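Q: I would like to learn how to read the interfaces in a model of this kind. Could we go through them one feature at a time?

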Amino acid sequence: MTIVDLTSMGEPQTEQQREINARLVSLQNEISSYCYQCAKCTSGCEAHKLLELEPHKIVALLKRGLINELVNSDIIWTCMTCMKCRERCPQRVAPIEILFALKNMAVASGKQIPGKYTAMLQSILSLGLIQDIQQITTRMNTTVKRDELGLPPLSKPTDAQKFQAAVMKIATEKV
Amino acid sequence: MTTHMKYALYPGCLMPTEQYAYELSLRESLPVLQVQLVDVPEFSCCGEPMKSVNQLLSLYLAARNIALAEQQQLDLYAPCAMCHLALSECKHILDHNTAMRERINTLLSAENLTYTGSQQVVHTIDLLYDHIGIEKIKQQVKHPLKGWKLAVHYGCHAIRPKEIGRPDDSEHPLKIEAILRALGAEPVEDYPEKLDCCGAPLLANLPESALTKTGQKLQAIQHHGIQGLVDVCPWCHKMFDARQTKAGETIAAKLDVPVFYLTQLLGLAFGLPAEKLGLHLNQSPVEKLTVEGGA
Amino acid sequence: MRRVGVFVCHCGINIAQTVDVKALADYAGTLPNVVIAKEYKYMCSDVGATLIKDSIKKHKLDAVVIASCSPRMHEHTFRRVAKDGGVNPYRVEIANIREQCSWAHTTKEAATEKAKALVRSAVGKARLLEPLEPSMIPVVPKALVIGGGIAGIQAALDLANDGFDITLVERQPSIGGHMAQLDKTFPTLDCSSCILTPKMMEVANHEKIELLTYAELQNVEGSIGNYTVTIKKKPRYVTLDKCTGCGDCAAACRLKDRVVSEFNEGLGKRSAAYMPFPQAVPLKYCIDDSTCLFLTKGKCGDEPACQKACAQGAIDFTQKEELVERKVGAIIVTTGYQLLDPGRLYEYGYTTSPDVITSLELERLISSSGPTKGEILRPSNQQKPKSVTFILCAGSRDETQCTWCCRIGCMSALKQVYLLKEKLGEDVEINLCYQDIRAYGKGYEEFYRKVRGLPTNLFRGRPSEVRDMKEYLKIDIFDTTTSKLFEIKTDLVVLIPALMPQADATAFARLLRLTLSGDGFFLEAHPKLRPVDTFVNGIFIAGCCQGPKDIQDTVSQASAAASRAATILTKKELEIDPLIAMVDEEACTGCGICVEVCPYEARTLNERTRIAEVNEALCAGCGACIAACPSNASIHKNFTKKQLLNMVDDMM
């Protein structure tokens with residue numbers, strides 16, 4: 001017997017669904033199944049008004065096993081990570097954590113991800129930090145850098161290669 | 001003389017590479033309160049920005065930084081709310097899930113590091129309110145910020161999610177207001193937009209939406225007749241301070257709200273020179289209060 | 001030589017599908033002293049009982065082992081069967097091969113082996129079981145009802161009308177409970193006080209009911225049929241016989257309109273001398289010692305104003321707390337509920353905005369005896385609201401607050417919508433944010449349909465927060481019926497909060513040795529078959545102290561509890577289970593440790609003989625004294641060391 005979503009001809013992917021729920025548990029979160037669709041998350045979602053993110057619908061689709069639809073959607077990248085959905089959920093479900101799981105899946109499947117993340121990962125690999133020291137402008141329109149302000153040197157990994165190797169190793173693993 | 005409270009300063013990425021005012025002001029004002037900050041080499045990104053990419057990587061990075069502080073037997077002070085969340089959540093997960101802890105420790109062994117869970121993580125809010133205390137802060141005030149009517153932006157990452165333990169209450173945070181009152185200011189305890197997001201997490205990829213968030217909150221603060229905004233996170237501050245003009249353009253409104261780091265106000269009230277607190281680095285019109293406010 | 005019969009029950013297939021019952025019976029037949037072993041599909045049925053009785057006669061049995069379900073289920077049944085067959089009922093031993101065997105294991109071989117061991121052990125004990133006779137205790141034909149809400153009122157009236165003397169204790173100055181605060185009741189829209197007041201009056205005038213208001217239970221001793229209860233009467237500083245309820249004291253009180261009225265849920269003010277509401281029973285005033293100037297400061301002008309005003313001389317500031325003792329045969333607990341403090345959901349603005357109120361507060365605004373005389377006014381500006389928004393499930397079905405459904409929220413909100421439309425006119429904007437409407441009772445769905453027919457905005461969803469914009473309240477609600485986010489600007493927000501156990505439910509339960517369920521309400525002895533009994537014999541529960549419920553269910557349950565109590569009170573004496581402690585007088589050294597450990601105060605030390613004694617009426621057979629006795633003088637009848645060790649030896 002099968003269940004098919006006739007709008008997309010998608011079928012529930014129970015294996016990926018189990019994988020996401022197992023991941024949620026290992027990260028100390030509640031599984032999605034308890035969601036009863038009160039949509040308190042969407043009522044208070046910071047990204048909803050501007051970008052139409054509907055956290056309750058994300059959870060509903062996960063409960064239905066329609067993972068591909070979610071992983072391939074751009075909407076999962078609109079979350080502002082304010083965590084109000086997780087904080088106020090009466091069933092302790094955490095839509096934000098489900099979104100992290102879906103985004104991780106999208107990355108692992110080689111899907112194109114927003115440029116910011118690629119750039120940040122590159123910077124972490126080479127430097128250990130998401131960006132290097134910036135020159136900034138003061139209110140009086142002069143420019144200044146960290147050392148000119150008398151601040152001590154930046155704390156960052158000194159053996160960059162060793163650090164890079166560790167990060168590269170993990171980058172191909174999953175939670 | 002009180003014994004010094006000693007912390008490893010965990011600077012993260014954003015504060016030490018561009019949000020210099022936060023670093024300057026906390027390095028100046030906290031020693032007045034007998035807090036000794038220790039610079040630990042080898043720190044890396046906290047991992048929070050990598051959560052969307054690979055959460056195992058973000059756990060690894062957070063655990064790595066905690067393990068470095070554990071080697072020094074020092075608690076960590078993370079002034080950035082994002083970093084504080086990453087480190088706290090990592091602790092929460094590794095302290096509850098032994099399998100995950102072992103997995104992370106196996107990865108850490110490449111750099112001869114181990115996570116044990118022996119050290120705590122603090123943020124500016126609980127460092128000042130819970131560990132130092134209002135009374136000690138009051139004792140150091142030389143120039144009260146009299147008549148400064150201020151709104152506080154706590155930052156989502158500083159107060160949620162409650163169950164992993166955050167520096168203040170997720171729905172009704174009031175510690176910063178208490179600190180501001182100790183400095184002589186008049187904080188507004190409740191305004192409808194108090195818990196709204198600054199927009200920072202979307203700045204790089206969806207800048208228009210991010211700046212709309214920033215602008216709307218600043219506009220509301222202006223509308224309520226509040227004189228200035230106080231924050232405690234380099235990401236939030238970047239939005240409200242450095243991006244204020246852009247945010248105004250995005251929502252077609254004229255915004256001129258002075259925005260301060262809490263540690264800058266601490267320093268001003270303690271009588272420290274504005275320059276040492278990095279006030280010249282703020283992009284928002286802080287002189288509206290620093291000059292007219294008389295500090 | 002003891003002659004034992006073993007009877008193996010299939011329990012349909014509950015036991016038989018996992019335990020080889022035929023092999024078990026055959027095996028039992030080979031055990032020493034066993035003269036007959038049989039198996040049957042339902043040993044608890046009439047046929048099974050006959051089989052046991054016939055076997056007793058035919059084989060001249062003097063002890064019986066039943067291999068079946070838990071003794072909790074049918075020990076009583078099989079004791080009676082044995083008695084009818086001619087065997088002393090206490091020479092029955094049960095081997096639990098269902099809960100401990102067939103339900104706990106999956107492989108037939110292992111389950112059958114374990115069943116054999118359990119039967120072997122039971123036979124080992126049966127060989128040594130002594131015949132016991134129950135003793136009898138007289139029953140006090142009186143009852144105590146604790147809590148004077150609708151549940152307590154109903155239970156007290158039912159029992160009083162059966163002819164029993166009732167003591168009804170209420171901690172507030174008047175009976176009536178939450179029902180007295182309501183304006184109308186769903187789904188029939190009966191006026192709450194119109195149907196409640198006659199019952200309250202009946203209580204007041206009933207010759208069989210002793211009403212103790214402003215009083216609390218302090219202590220309970222004894223057991224079923226014979227409880228001694230101590231009740232603390234708080235001083236009300238008004239002599240009940242003299243007070244005519246005229247209200248001159250309240251009018252004269254220097255704190256007139258300055259003390260928050262609990263009855264009006266904080267929306268109105270009263271005096272320190274007060275009557276909670278006009279239909280109070282008793283219709284007497286009371287002086288609140290937490291606010292009264294004379295009682296808190298020792299000075300109220302030259303002379304307390306109320307005292308001066310009272311023509312009857314009813315005010316008496318010399319009153320002290322008083323303890324009274326009553327003997328009763330049964331106790332009914334009807335202590336009710338409290339609402340969740342909506343401040344715990346800070347995001348809904350109850351703490352910050354006066355215009356966010358609870359359903360009970362709205363009830364007081366609707367009521368013509370309320371603080372606004374029945375006018376619906378916004379607390380912040382005393383103007384009529386043009387828009388009212390209800391938020392259901394505030395803290396209900398919520399893992400962070402109350403995990404359960406409050407069972408009255410949907411219907412009370414729908415009722416209030418209906419009443420607001422009546423009071424404020426069709427044009428008032430009503431928004432109702434619900435998740436599921438649970439209209440399960442008789443006539444409820446029909447009422448829901450009636451409200452759907454009114455111009456009302458129903459949003460299916462939960463708001464995340466309520467924002468106080470000063471001139472109005474703002475709510476964003478994602479409506480899952482239209483899949484759209486709506487912004488509601490409204491004048492008044494009504495939260496329907498969760499129903500919770502009373503704040504002191506845990507302490508109260510300890511006083512009566514009641515058990516609490518996980519949610520903190522009092523636990524019934526069986527959710528289906530003993531819904532108003534507790535695990536303490538002779539104590540019954542009814543109404544919201546057992547769990548949230550509406551008035552209909554509360555009244556039914558109260559009548560049920562009264563009827564259960566009557567089964568005790570109608571008896572002249574009760575059989576006391578003889579499976580209790582006894583003392584080996586030779587071995588007792590009079591150390592008194594058993595007296596200290598007994599939780600039922602059943603143990604005393606005879607001062608003259610220096611030997612410990614057991615009060616059979618009080619002993620519950622818990623075994624604490626047996627474990628504690630250093631000289632093996634405390635013995636549990638039919639659970640002697642020899643019997644138990646024999647069981648263990650045979651089992652191994």
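Q: Which residue of chain A forms a salt bridge with B:Lys213, and how far apart are the closest N and O atoms?

A: A note before the case: this is a predicted model. A salt bridge here is a side-chain nitrogen of Lys or Arg within 4 Å of a carboxyl oxygen of Asp or Glu. B:Lys213 pairs with A:Glu46, and their closest N and O atoms are 2.6 Å apart.

Q: How many salt bridges are counted between chain A and chain B, and how many residue pairs are in polar contact?

A: The count of salt bridges between chain A and chain B is nine. For polar contact, the count between these chains is 41 residue pairs, both residues being at pLDDT 80 or more.

Q: Which elements of chain A supply the side that touches chain B?

A: At least two residues each come from helix H1 (14-26), helix H3 (48-51), helix H6 (84-88), helix H7 (95-108), helix H8 (115-127), strand E1 (136-137) and helix H9 (160-171) of chain A. H9(A) has the largest share of that side, with seven residues. By class, the side of chain A that touches chain B divides into 32 nonpolar, 13 polar and 19 charged residues.

Q: How much area do chain A and chain B bury between them?

A: The size of an interface is often given as the accessible area lost when the parts come together. For chain A and chain B the figure is about 6,000 Å², with 60% of it on carbon and sulfur atoms. The contact involves 64 residues from chain A and 71 residues from chain B. Of the area that chain A buries against chain B, 12% is supplied by A:Glu87, A:Arg139 and A:Ile170, more than by any other three residues.

Q: Into which domains is chain B divided?

A: The assignment for chain B gives domain 1 (5-122) and domain 2 (137-290). Their centres, taken over C-alpha atoms, are separated by 24 Å. Contact between them involves 25 residues of domain 1 of chain B and 29 residues of domain 2 of chain B.

Q: What area do domain 1 of chain B and domain 2 of chain B bury between them?

A: Together they bury about 2,400 Å², and carbon and sulfur atoms carry 74% of it. B:Leu14, B:Tyr22 and B:Met82 supply 21% of what domain 1 of chain B buries against domain 2 of chain B, more than any other three residues.

Q: Which polar features cross the interface of domain 1 of chain B and domain 2 of chain B?

A: The rule finds one salt bridge across it. B:Glu18 forms a salt bridge with B:Lys238, with 3.4 Å between the closest N and O atoms. On the side of domain 1 of chain B that touches domain 2 of chain B, helix H1 (14-17), helix H2 (20-29) and helix H4 (81-96) of chain B each supply at least two residues. H2(B) gives the most to that side, with eight residues. That side has 15 nonpolar, six polar and four charged residues.

Q: What is the strand order in the open sheet of four strands in chain B?

A: A sheet is read by listing its strands in order across it. Here the order is E6-E5-E7-E8 (chain B), and the pairing is parallel. Strand E6 (186-187) and strand E8 (259-261) of chain B are at the edges with a single partner strand each, so one side of each has no neighbour in the sheet. Strand E5 (residues 149-153) of chain B is joined to E6(B) by two bridges, and the two run parallel. B:Leu150 has B:Pro187 in E6(B) as its bridge partner.

Q: In chain C, how far apart are the centres of domain 2 of chain C and domain 4 of chain C?

A: Over C-alpha atoms, 31 Å separate these centres. The contact takes 20 residues from domain 2 of chain C and 24 residues from domain 4 of chain C. The buried area is about 1,900 Å², of which 65% comes from carbon and sulfur atoms. The count of salt bridges between these two domains is one. C:Arg407 forms a salt bridge with C:Asp553, the closest N and O atoms lying 3.6 Å apart.

Key. Residues are numbered from 1 along each chain as its sequence is written. Chains are lettered from A and ligands numbered from 1 in the order in which they are written. This is a predicted model: local features need pLDDT of at least 70, side-chain atom pairs count only at pLDDT 80 or more; totals for chains, interfaces and linings use all residues. Side-chain values use heavy atoms; hydrogens and water are left out. Domain bounds come from an automatic or database domain assignment. Contact means heavy atoms within 4.5 Å. Buried area is the accessible area (1.4 Å probe) that two parts lose on being put together, summed over both. Ala, Val, Leu, Ile, Met, Phe, Trp, Tyr, Cys and Pro count as nonpolar, Asp, Glu, Lys and Arg as charged, and the others, Gly among them, as polar. A polar contact is a pair of N or O atoms within 3.5 Å; within protein, one must be able to donate a hydrogen and the other to accept it, and residues adjacent in sequence count only if both atoms are side-chain atoms. Two strands pair if DSSP finds at least two bridges between them.
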